[in-house]
Amino acid sequence: MVDVPPPVTRHRTSRAVELDVRNNSLNLVRLVLALLVLVAHGYYLSGEGTGPTLRGENLGGWAVFGFFTISGYLITASRFANGFLRYLLLRAARIYPAFLVCLVVTAGVFAPVAWWAEHGSLGGFISTPTSPLAYVTGNALLRMTAFDVAGTPAAVPYPGAWNGSLWTLAYEFACYLVIGLLILLPAVRRHRWLVGVAFVASVAVWANAPALGLSQHPEIELMARLLPPFLGGALVQTAIRRVPLRAPLALLAAAGAVSAVLLVDRWGAQAAAPLFTYGILWLSTVLPSPAVIRRHDISYGAYIYAFPVQQLLAYAGVHRLGVLAYDVVGALATAVLATLSWRLVERPTMRRARRWRVPTDDGSGASEGVPGEDRHGTPTAAEHRSGQQGQRVGARGEPGPGRSPGAAPAEGADLVGGDGEVGSLVGEPAPVEQPRR
């Protein structure tokens with residue numbers, strides 16, 4: 001059942017709204033973005049091409065872009081409210097345990113089913129060069145280097161890769177490190193507008209990537225592509241108190257973002273990242289969301305499990321029913337695993353991490369007595385107050401639901417695939433030989 005639109009705080013003298021950290025639709029927005037990635041991958045995994053594109057980027061690539069902007073906004077609030085070590089603990093707890101469990105489930109459940117479907121028994125499964133153990137240990141540090149397990153998946157339209165989405169998490173965590181280290185600088189803590197300088201610098205690097213020879217270093221090039229949307233979200237976090245959320249400004253932001261994408265080749269989207277972020281935040285204050293989605297954030301689980309679920313459904317021949325049916329069945333099956341991931345792994349881990357004490361280590365003024373994240377893994381009301389320099393965050397100022405590249409971002413993940421070059425925003429599944437995708 002869908003609740004009435006979530007309450008928002010309104011100024012007495014304006015039509016501005018402020019993001020209530022409990023009653024907002026960011027969970028819903030992120031879940032929609034995760035499903036867009038599923039839809040984009042559905043075309044590849046069913047052998048039906050690339051699907052709809054804009055500026056050479058498919059739906060999944062643009063969804064990932066949105067993930068990174070939201071993640072930048074939320075994670076920066078978390079960083080300003082926590083010392084560096086505690087911040088890293090919370091970020092690792094949000095992304096890593098569910099990621100590791102996903103690897104184990106893929107190697108220990110999905111791959112054996114596929115092997116049995118191809119060979120009629122499990123004989124020889126664990127003795128292959130890319131054994132289940134090798135798949136888990138080879139990818140355990142977030143950087144994806146192995147995509148198949150014992151040669152599976154093979155008898156599907158897109159063979160050789162069980163998960164073409166997980167590779168983005170390494171870049172998501174790298175963005176966490178960038179903002180975490182940036183805020184270690186006393187000048188940035190005193191003058192938060194310097195985050196904007198970092199954002200402009202990141203856009204300049206991406207705009208000049210060909211001249212800088214980044215194509216010779218694919219992983220650096222991809223990081224240069226994904227860092228601007230994250231820092232664009234971070235910039236909005238530092239400025240939102242001075243630029244409250246208003247419908248006219250949101251429409252102008254949307255118009256500006258679309259214009260930048262259509263008129264500026266290569267780096268227009270990166271330059272417009274703050275505009276994308278502003279529009280998404282405004283939308284999250286007015287978009288109705290089911291209460292269950294506000295309380296339970298399954299978007300990260302949906303992102304990390306959708307690809308292997310779709311591959312297993314391809315073994316069952318579901319893709320032959322057409323892309324639409326394939327996506328619907330995939331979304332329903334993914335929702336089950338995403339819910340289990342949230343209830344059994346993500347939420348319990350975040351609760352434990354919140355109770356751990358880490359000494360204050362960077363003089364940022366963040367109180368280590370503040371838990372740092374709510375029970376859902378999103379920055380608490382205290383973090384929003386710190387990250388927004390005293391901005392009143394909602395009618396009650398309570399901790400809110402939420403995740404991120406991740407994430408995501410996201411917060412866990414903050415997420416996606418690429419095409420033959422790093423020229424796209426990463427909306428395609430990762431090929432087996434390219435760990436960056």
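What follows is a quick chat about this structure.

Q: What kind of model is it, and how are residues numbered?
A: It is a predicted model: local features need pLDDT of at least 70, side-chain atom pairs count only at pLDDT 80 or more, and totals for chains, interfaces and linings use all residues. Residues are numbered from 1 along each chain as its sequence is written, and side-chain values use heavy atoms, with hydrogens and water left out.

Q: What average pLDDT does the protein chain have?
A: The average is 83, and 77% of the residues score at least 70. pLDDT is the predictor's confidence in each residue, from 0 to 100.

Q: Where does pLDDT stay under 50?
A: Over residues 1–14, for one. The model has 35 contacts for that stretch beyond four places in sequence. Residues 431–437 also stay under 50, with 32 such contacts. Contact means heavy atoms within 4.5 Å.

Q: How many helices and strands are there?
A: The protein chain has 16 helices and 4 strands. Both are DSSP runs, numbered from the N terminus: helices are H or I with at least four residues, strands are E with at least two.

Q: What share of the residues is buried?
A: Of the 437 residues, 58% are buried. Buried means under 20% relative accessible area, exposed over 50%, and partly exposed in between (1.4 Å probe, protein chains only).

Q: How many residues are in the largest nonpolar core?
A: That core has 94 residues. Tyr135, Ile179 and Ile304 have the most contacts inside it. Helix α3 (residues 84–119) gives the most to this core, with 13 residues. A nonpolar core is a set of buried Ala, Val, Leu, Ile, Met, Phe, Trp, Tyr and Cys residues joined through side-chain atoms within 4.5 Å.

Q: What does Ile179 touch?
A: Leaving out residues up to four places away in sequence, Ile179 touches Ile75, Thr76, Arg79, Tyr87, Phe230, Leu231 and Ala234.

Q: New topic. Which peptide bond is cis?
A: The one from Thr152 to Pro153, with omega near 0°. Pro153 sits in the loop between α4 (132–139) and α5 (168–182). Ala150 lies in that loop too.

Q: What is phi of Ala150?
A: Phi is near 55°, a positive value in a residue other than glycine. Ala150 is buried, at 8% relative accessible area.

Q: And Arg266: what is its phi, and where does it lie?
A: Arg266 has a positive phi of about 75°, although it is not a glycine. It lies in the loop between α10 (247–263) and α11 (268–271). Arg266 counts as partly exposed, at 31% relative accessibility.

Q: Which residues in α12 are buried?
A: Ala273, Pro274, Thr277, Tyr278, Ile280, Leu281, Ser284 and Thr285. They cover an arc of only 165° around the axis, so they lie on the same side of α12. The arc is that of the directions from the helix axis to the C-beta atoms.

Q: Why would residues three or four places apart point the same way?
A: Because an α-helix has 3.6 residues a turn.

Q: Last one. Is Leu31 buried or exposed?
A: Leu31 is buried, with a relative accessible area of 14%. It is found in helix α1 (residues 26–45).

Q: What does Leu31 touch?
A: Not counting residues up to four places away in sequence, Leu31 touches Ile293, Ile298, Ser299 and Ala302. The C-alpha atoms of Leu31 and Asp297 are separated by 7.9 Å, though the two are 266 residues apart along the chain.
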